[in-house]
Amino acid sequence: MVAIDLTDVTKTYGDVTALQSVDLTVEDGEVFGFLGPNGAGKSTTIDILLDHARPTAGHAEVLDMDAQDETVAVRERTGVLPERFGPLGEMTGRQHVEFTVEAKNADDDPGRIVERVGIDHAADRPASGYSKGMTQRLMLGMALVGEPDLLILDEPTTGLDPNGARQMREIVRAEAERGATVFFSSHILQQVEAVCDRVGILDYGNLVAVDSIDGLREAAGTTGEMTVTLDTVPDRLGDEISAIEGVTSVRVDGYSIVAGCENPAKAAVVEACQQAGATVENIETSEASLEDLFAAYTGGA
Ligand SMILES: Nc1ncnc2c1ncn2[C@@H]1O[C@H](COP(=O)(O)OP(=O)(O)OP(=O)(O)O)[C@@H](O)[C@H]1O
């Protein structure tokens, strides 16, 4: 089974193109991170999967069903944490979960769910008085009801404290182990890297990359910084290193040369130091930050 299959999906709102000819396949059981800057089209994609919006062109399937024609069946097997939700009513958190259990004809224990998402201490208070993070946790709990085959989480860590973000990651992993597919939108790359098998990056409605984070790093060629500490820094060494292909920046910091460079250039940097007559005392390298990677794919947005 394919969990999500978008074929040539375009969505326009008047003059705005929210999605442009997007093709995307998410396999059953994958944890897929959907990344992109503000306004990239992430929520629009999710709206189409859940038939809250109709594609202007193209076709969307969810769990091998037509997202627009078999909406009820799709929603029965899908748990959703939406990005936007209205204020909750006077019912308690526990009652909200109980209501969802009944509506989905599921047999989950509401007490177990509120505990799992960390709101058991407040489960018997009206949910209308919950903080943003508590509301987010409750909505996640409601999404988990009925062991859905597909979890769609739109910006799930918004409003969560670090513990909440960690619990969210643990829940995503546990759901994936159970066999669910998780489709997780975010612009926080660290969250995505921590849990996702693959990521897709949207930019202005275009799907610009789909790969593992390591694969994206390699393809972007953004391989980070290397710091070479020497016994002495000969004159002109900085200029010589700047001229090496694949070196993007050079600065001298005391007895260290700090070079931004792609992997293949690293050996040439060390060689240049030695040829200039310096003794290499230490070498440290760091990978491109996730922010660098994101910027590489989204034009620095
Ligand atoms: N109902 C709508 N009417 C008009 N324009 C819309 C509508 N929904 C989305 N858009 C536009 O489509 C584009 C994509 O928006 P979308 O909400 O899908 O982005 P996003 O990636 O989820 O952004 P964010 O990270 O800020 O939530 C934006 O330019 C947005 O203004």
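Author: E4 and E5 pair in an antiparallel fashion through 2 bridges; two strands count as paired if DSSP finds at least two bridges between them. Strands (E, at least two residues) and helices (H or I, at least four) are DSSP runs, numbered from the N terminus. Within this pairing, Val62 is opposite Met65 of E5. The hairpin has 2 residues between its strands, and Leu63 there adopts a positive phi near 50°.

Reader: What should I know about the numbering and the model before going on?

Author: Residues are numbered from 1 along each chain as its sequence is written. The model is predicted, with local features needing pLDDT of at least 70, side-chain atom pairs counting only at pLDDT 80 or more, and totals for chains, interfaces and linings using all residues, while side-chain values use heavy atoms, leaving out hydrogens and water.

Reader: What is the order of the strands in the open sheet?

Author: In general, strands of a sheet pair through backbone hydrogen bonds, either parallel or antiparallel. Here the 4 strands are ordered E2-E1-E4-E5, with antiparallel pairing. Strand E2 (16–27) and strand E5 (65–66) are at the edges with a single partner strand each, so one side of each has no neighbour in the sheet. E1 (residues 2–13) joins E2 over 8 bridges, with Tyr13 opposite Val16 in E2. E1 and E4 are linked by 5 bridges, and Thr7 faces His59 in E4.

Reader: At what angle do helix H5 and helix H6 pack?

Author: Two packed helices are described by the angle between their axes and the distance between the axes. H5 (residues 132–144) and H6 (residues 162–178) pack at about 5°, their axes 12 Å apart. Axes are lines fitted to C-alpha atoms, for helices over the stretch in contact, and angles between N-to-C directions run from 0 to 180 degrees. That makes H5 roughly parallel to H6, a label for angles under 35 degrees.

Reader: Is Gln136 buried or exposed?

Author: Gln136, in helix H5, is buried, with a relative accessible area of 6%; buried means under 20%, exposed over 50%, and partly exposed in between, using a 1.4 Å probe and protein chains only. Its side chain reaches the backbone oxygen of Pro156 at 2.9 Å, and a polar atom of that side chain lies 3.3 Å from the backbone oxygen of Glu155.

Terms used: Parallel < 35°, antiparallel > 145°, perpendicular 65-115°, else oblique. Polar contact = N/O pair within 3.5 Å; in protein donor to acceptor, adjacent residues only side chain to side chain.
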